[in-house]
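Subject: Structure handover

Hello,

Here is the structure we talked about. My notes on it follow below.

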Amino acid sequence: MLVKIAWRNIWRSRGRSLGVLGSIVVGIWALVSAVGFMNGFIVGYMADIINHDISSIQIHNPEFKKDKEVKYVIVDGEQKVQTIEGWAGVKAATSRVLVNGMIASPKKASGVQIRGIDPAEESQVTQLDSLIGEGTYFEGIKRNPILIGKKLAEKLGVGVKSKVVLTFTDANLNLTSAAFRIAGIIESSSINLNEGYAFVKQSDLIRLLGIQDVHEIAVLTDPQIDEATIVAKYKESYPSDLPETWREIAPELALIQEMYSSMLYVLITIVMIALVFGILNTMLMAVLERFKELGMLMAVGMARIKVFGMVLLETIFIGVLGAPIGLLFGWLTMLYYTSHGIDLSAYSEGLESFGYSSILYPYIEDSTYMTIAIAVVITAFVGAVYPAWKAIRLKPVEALHKI
């Protein structure tokens, strides 16, 4: 009976109830959209760096991490790559040869990290082949092909099939130079890929450096796997090497992840506080308008706890009605923009300087929808407590004499 009365009371003042319902719907839709856009910026930025640059795990010779000297290699690196690829939770692994040097064109020179890669393995770990904007992925050039970023190509004033010269120090500390021809140009929002790296074939760089092994092993893990478990297993198998997760390699990304989690709950809290005051104001008005009616109900024997429950139920019903509608609108918005993206090319120059893509793809995790739905129900309950308490504080005799 109490549920039935509460439901009917909601629609006695349709305009007011629909106003509260509308504010809940708009608030939830705005919250879902804001979280989706934050995901697109922050999580998308982190995913690009992890997937296309540093990978889930990196392994080095401990001395190489300190000095970056060419002689500090991972012993039997290729054999270790093959072993790692067979471990549960590992999607792919690749080896790299690294050396800092200069890249020069007839017009200009720039400092870069030269990366000797196995093209097939690298494409499995970082999907580097998918980032080629012009030219090909090491194809069409018979001798010494090289890939560079778009911004670096613009800085050097070169294009596909242009010749560049790499200069670096080999394993014997001799200054070495070699001519390479550009096979492809990489287009990426990553600052490192755009202007900090030059990719060559591993076999070419090993020959020029005069070494026999590699400097780095990059590992891509399954999304549901904790990278620390793979690192622990590697340390147990090969204690002389230094394996690190992406959190250790790029602690700033781990900090961003922690800050994002906090920001998410702060954003939800702000929106819910706004809804609380809207609900509280509306329900308090509804109670004040019904002083005489509520007094009569208590005068004929309705317990105060039932009056309290009736006001609570009215508010919770509105929240339960508004939450699914708001979540539906939010889900449809995310569905559209996740597939179509948001074109921010008008701000591409500024975004790329910070490592963001000019196309934003918002998305939201399924668990976030449930978090928001629960938050709305709690908010509706909290917003109704004071009006309901105000109702049971009435004295029936005084309430019946109010005009």
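To begin with the charged groups, Arg96, Glu122 and Glu216 are joined in a network of salt bridges; a salt bridge here is a side-chain nitrogen of Lys or Arg within 4 Å of a carboxyl oxygen of Asp or Glu. Please keep in mind that this is a predicted model, where local features need pLDDT of at least 70 and side-chain atom pairs count only at pLDDT 80 or more, while totals for chains, interfaces and linings use all residues. Residues are numbered from 1 along each chain as its sequence is written, and side-chain values use heavy atoms, with hydrogens and water left out.

Salt bridges

The structure holds nine salt bridges. One of them pairs arginine 247 with glutamate 227, at 3.1 Å from N to O. This pair links distant parts of the chain, with arginine 247 in helix 10 (residues 246–249) and glutamate 227 in helix 9, 20 residues apart. Helices (H or I, at least four residues) and strands (E, at least two) are DSSP runs, numbered from the N terminus. Glutamate 227 is buried at 11% relative accessible area, whereas arginine 247 is partly exposed at 34%. Buried means under 20% relative accessible area, exposed over 50%, and partly exposed in between (1.4 Å probe, protein chains only).

Glutamate 63 and lysine 66 form another salt bridge, their closest N and O atoms being 3.6 Å apart. Both lie in helix 3 (residues 62–67), three residues apart, about one turn of the helix. Glutamate 63 is partly exposed at 31%, and lysine 66 is exposed at 61%.

Aromatic residues

A search of the whole structure finds four aromatic pairs. Rings of Phe, Tyr and Trp (its six-membered ring) pair if their centres lie within 6.5 Å; planes under 30 degrees apart count as stacked, over 60 as edge-to-face and the rest as tilted. Tryptophan 87 and tyrosine 234 are edge-to-face, because their ring centres are 6.4 Å apart and their planes are at 65°. Tryptophan 87 is in the loop between helix 4 (77–85) and strand 2 (90–104), and tyrosine 234 is in helix 9 (residues 227–237), 147 residues apart. Both tryptophan 87 and tyrosine 234 are buried. Tyrosine 234 also pairs with tyrosine 238, with centres 4.9 Å apart and planes at 50°, so that pair is tilted. Trp87, Tyr234 and Tyr238 form one aromatic cluster.

Nonpolar surface patch

Which residues form the nonpolar patch on the surface? They are Val26, Trp29, Ile325, Leu328, Phe329, Trp331, Leu332 and Leu335, with about 740 Å² of accessible area together. Such patches are made of residues with over 30% relative accessible area and no salt bridge; like charges are joined within 9 Å, nonpolar side chains (Val, Leu, Ile, Met, Phe, Trp, Tyr) within 5 Å. Accessible areas come from the Shrake-Rupley method with a 1.4 Å probe; for residues, only the protein chains shown count as cover. Helix 13 (304–340) supplies six residues, the largest share of the patch. Tryptophan 29 lies in helix 2 and is partly exposed at 36% relative accessibility.

Beyond its neighbours within four places in sequence, leucine 312 is in contact (heavy atoms within 4.5 Å) with Phe381, Ala384, Val385 and Ala388.

Helix 8 (residues 202–209) is mostly covered, with six of its eight residues buried. Just after helix 8, glycine 210 takes a positive phi of about 75°.

Regards
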